[in-house]
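Me: I have a model open and want to go through some of its packing. Can you take my questions as they come?
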Amino acid sequence: MQTSPHANILDDLRTVLGDRARDGDFELGLYGKDGSVLQGQASIVCLPVATAEVRQIVEICRKHDRPFLARGSGTGLAGGAVPVGDPVIIATAKMNQIIEVDLENRIAWVEPGVLNLDLTKELTPRGFHFAPDPSSQQVCSIGGNVANNSGGPHCLAYGVTSAHVAAIEVVLPDGSVTVLGDLSAEPPGYDLRGLFVGSEGTMGVATKVAVRLTPNPPAIRTLLLDFPDVRDGAATVSAIIAAGLIPAALEMMDKRAIEIVEAFVNAGYPTEADAVLLVELDGLPGGVEHGVEVVRSVAERHQVGNIRIAADNEERELLWKGRKNAFGAVARIKPDYYLHDTVVPRGKLVEVLDKVYKIADAYDLIAVNVFHAGDGNLHPILAYDSGEKGVLERVHAAGRAIITASIEAGGVLSGEHGIGLEKRDYMGMLFSAHDMATQDMVREAFDPQGFANPLKVLPSGSRCSDSFGQHVPDGAWV
Amino acid sequence: MSSLHAVPEEVHKFSAEVGTSDPITVVGGRTQWNVGGTPDGSAREVTAPSGIWSHEPEEMTVRCGAGTTLRELSEQLAQHGQMVPFDMPPNATVGGALSVGRSGIRRLRYGHMRDLVLQIRHIDCNGKIVTSGGPTVKNVSGYDLCRLMVGSLGKLGCLAEVILRCLPKPQATRWLTGVIDPFEVYARLYRPSSILWNGEQVWVCLEGVSSDVEAEAALLDLTEVEGPPPLPSDGRFSVEPKALRNLSVDDTNWIAEIGVGIVHSDRPSKAQKISKTNESLMRELERRLDPNGRLNPGRQVVPL
């Protein structure tokens with residue numbers, strides 16, 4: 001009974017994967033979406049355990065003229081892992097082995113499904129960690145971090161994923177397997193590794209990643225500063241950087257964020273404050289103490305209220321727990337939220353924050369701000385109740401207004417979540433048609449027919465090879 | 001879009017200068033002129049615009065023409081206690097340094113120079129302006145052509161304008177030397193700026209606040225020196241960091257960067273191998289971005 005194209009490709013995939021090629025309702029529901037509000041449609045989900053299987057899946061897709069979409073934990077917020085164009089889903093969850101920790105080279109080879117925090121937990125006792133630490137680090141995968149060039153609070157001082165990836169084994173869209181980059185300092189040829197990181201699965205499937213290990217700092221100080229006015233907090237951020245100090249992390253939370261986080265985790269956040277800054281300094285002890293003094297003196301010039309310094313690791317973790325659970329805590333005020341991600345020059349934080357509040361008011365939404373202030377990376381949360389009629393339209397309109405305000409202030413579309421589906425049609429706000437056509441030419445060098453994660457990153461009009469349909473799911477901002 | 005996104009007039013002029021048809025060579029400071037082969041002498045020479053177009057100390061970013069010399073860049077940044085750690089001759093240009101893509105000797109601490117690039121405007125083979133990246137210190141908007149352009153020897157486009165991330169200048173810098181196991185030095189110190197080794201002697205660069213530099217220096221039995229030794233410059237190759245253990249001292253003069261894996265030698269080095277698959281991806285990029293090979297002929301990123 002091999003009559004339909006669906007049955008044919010599924011049969012081929014099952015020959016390789018057995019019951020790890022699935023089309024049951026449970027998997028299809030799970031893999032039809034990611035961390036965004038966008039809903040796509042999955043029809044086949046594969047769970048490979050090895051590079052050879054990924055290669056075979058890609059070959060079978062080619063044979064049946066079907067695109068494919070590789071995904072990690074699906075925590076992405078830009079719809080990068082939402083299936084459109086009916087791709088075969090390649091879920092890397094079962095490729096979750098730390099293959100080798102090579103302390104002498106300060107490299108670990110890992111499979112793409114290894115979770116970010118699991119890797120750091122494995123490394124910490126040996127004196128190292130993996131520096132990118134997205135808020136989703138308990139559940140997000142290294143493969144996903146590579147696809148999105150993920151950041152996190154500590155990327156302020158240590159840089160984003162691209163700076164921490166030495167080499168990537170990739171199954172290319174034509175089914176060949178190669179390694180981009182290598183462990184030597186200056187691999188020959190063009191930096192294909194750098195190009196692949198952040199390409200959101202549109203250039204192939206990462207099957208092994210060599211990540212760089214960062215030594216754990218000998219000293220750490222974590223400070224919580226509260227301010228009677230959010231403007232003073234933002235001005236303190238700029239002044240700290242202007243004083244020549246780059247903290248390991250420099251995070252900000254506004255009044256509403258403080259209130260909901262405090263009710264959620266009881267970390268002792270000052271609920272009477274208008275804003276708090278969470279500042280972390282790390283490194284050798286002298287530099288750390290110098291940093292504490294710089295932060296203190298700058299903050300005192302900007303009407304700081306209390307300065308709380310974590311006395312021990314337990315208190316430090318408590319302060320961070322508040323920050324890292326902020327998004328979940330939003331559920332205390334509204335059942336749903338839309339998390340935005342734009343970057344503006346640090347000096348424009350106050351101006352853009354003001355606009356965010358005004359935009360939220362204008363659309364009758366609640367804005368909560370918890371963000372990576374040190375690198376100007378705003379994360380406005382628009383809280384809403386999807387049960388309210390027409391609310392998603394307002395959420396999307398407000399989102400568009402926030403992006404417009406950020407770009408007008410000299411900012412960019414995304415700091416760390418990526419473009420995916422969510423923002424692909426906004427690319428023209430930042431790039432010319434020729435810029436985008438050039439980006440597409442580069443992508444096409446890897447995937448001329450557009451098999452890998454179709455319809456992502458670039459607006460449909462700018463891609464020459466959208467051979468797998470133009471359908472955009474409900475909820476997309478297009 | 002804001003004025004921060006506007007294309008400067010100088011870039012438009014450079015795009016006209018690059019033009020659309022004849023072979024061209026972009027000339028920087030000629031400090032690494034023969035890397036990847038000698039530029040074809042018959043190609044028309046063009047020069048990227050120069051000048052610091054904005055430096056916002058509180059943003060720790062600087063925007064400049066790709067033809068700006070490292071001297072001009074570092075003088076501007078030093079006024080505000082900042083730097084971009086290229087560690088190259090002062091007459092080299094920003095665009096030249098990035099196009100060649102060879103980091104300086106403090107890479108151990110500061111990373112590869114490509115990680116300091118926020119935005120690049122280049123002129124493509126049709127004389128058109130292409131912008132990639134963005135002006136902010138963090139950005140994942142679109143494909144990362146900035147990383148691709150670093151080390152591309154101008155074969156995919158001519159760098160016209162760059163925005164770089166700046167770093168604070170360290171309070172104290174000390175170079176130390178002695179005869180000691182360099183791998184032990186690497187294991188004992190927390191993020192030193194450089195460890196150089198010629199097979200016998202070690203040079204270490206420590207940077208940070210004075211008390212930390214003193215404390216780290218005290219961990220090692222070394223003598224203070226003015227600065228790093230002169231580096232042999234005829235050859236350069238890289239290996240994985242731990243493979244430096246097996247480099248044996250022979251009749252060539254060499255200095256290795258411990259923890260990084262770069263070896264500077266006085267013998268020309270053989271090109272490192274590129275796999276067939278990667279070579280074909282690289283040729284595809286060249287074919288799409290410069291089908292007639294008019295950009296910087298004579299030099300090759302992928303050896304012929």
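Me: Which residues in H1(A) meet H3(A)?
Reply: From H1(A), A:Ile9, A:Asp12, A:Leu13, A:Val16 and A:Leu17. On the H3(A) side they meet A:Glu53, A:Gln56, A:Ile57, A:Ile60, A:Cys61 and A:Lys63. Contact means heavy atoms within 4.5 Å. This is a predicted model, with pLDDT of at least 70 needed for local features and 80 or more for side-chain atom pairs, while totals for chains, interfaces and linings use all residues. Side-chain values use heavy atoms, without hydrogens and water.

Me: How do the residues of that contact divide into nonpolar, polar and charged?
Reply: Seven are nonpolar, one is polar and three are charged. Asp, Glu, Lys and Arg count as charged; Ala, Val, Leu, Ile, Met, Phe, Trp, Tyr, Cys and Pro as nonpolar; the others, Gly among them, as polar.

Me: At what angle do the axes of H1(A) and H3(A) cross?
Reply: Roughly 165 degrees, and the axes come within 10 Å. Axes are lines fitted to C-alpha atoms over the stretch in contact, with angles from 0 to 180 degrees between N-to-C directions. The two helices are therefore roughly antiparallel, a label for angles over 145 degrees.

Me: Switching to strands. Why is S12(A) largely enclosed?
Reply: Because seven of its nine residues, 219–227, are buried, meaning under 20% relative accessible area with a 1.4 Å probe, protein chains only.

Me: How many bridges join S12(A) to S14(A)?
Reply: Nine, with the strands antiparallel. A:Thr222 has A:Glu280 as its bridge partner there. Strands pair if DSSP finds at least two bridges between them.

Me: And which residue in S15(A) stands opposite A:Leu225?
Reply: A:Ile307. S12(A) and S15(A) pair over three bridges, also in the antiparallel sense.

Technical notes. Residues numbered from 1 in each chain as written. Chains lettered and ligands numbered in written order. Buried < 20%, exposed > 50% of the residue type's maximum accessible area, 1.4 Å probe, protein only. Helix = DSSP H or I, 4+ residues; strand = E, 2+ residues; numbered from the N terminus. Parallel < 35°, antiparallel > 145°, perpendicular 65-115°, else oblique.
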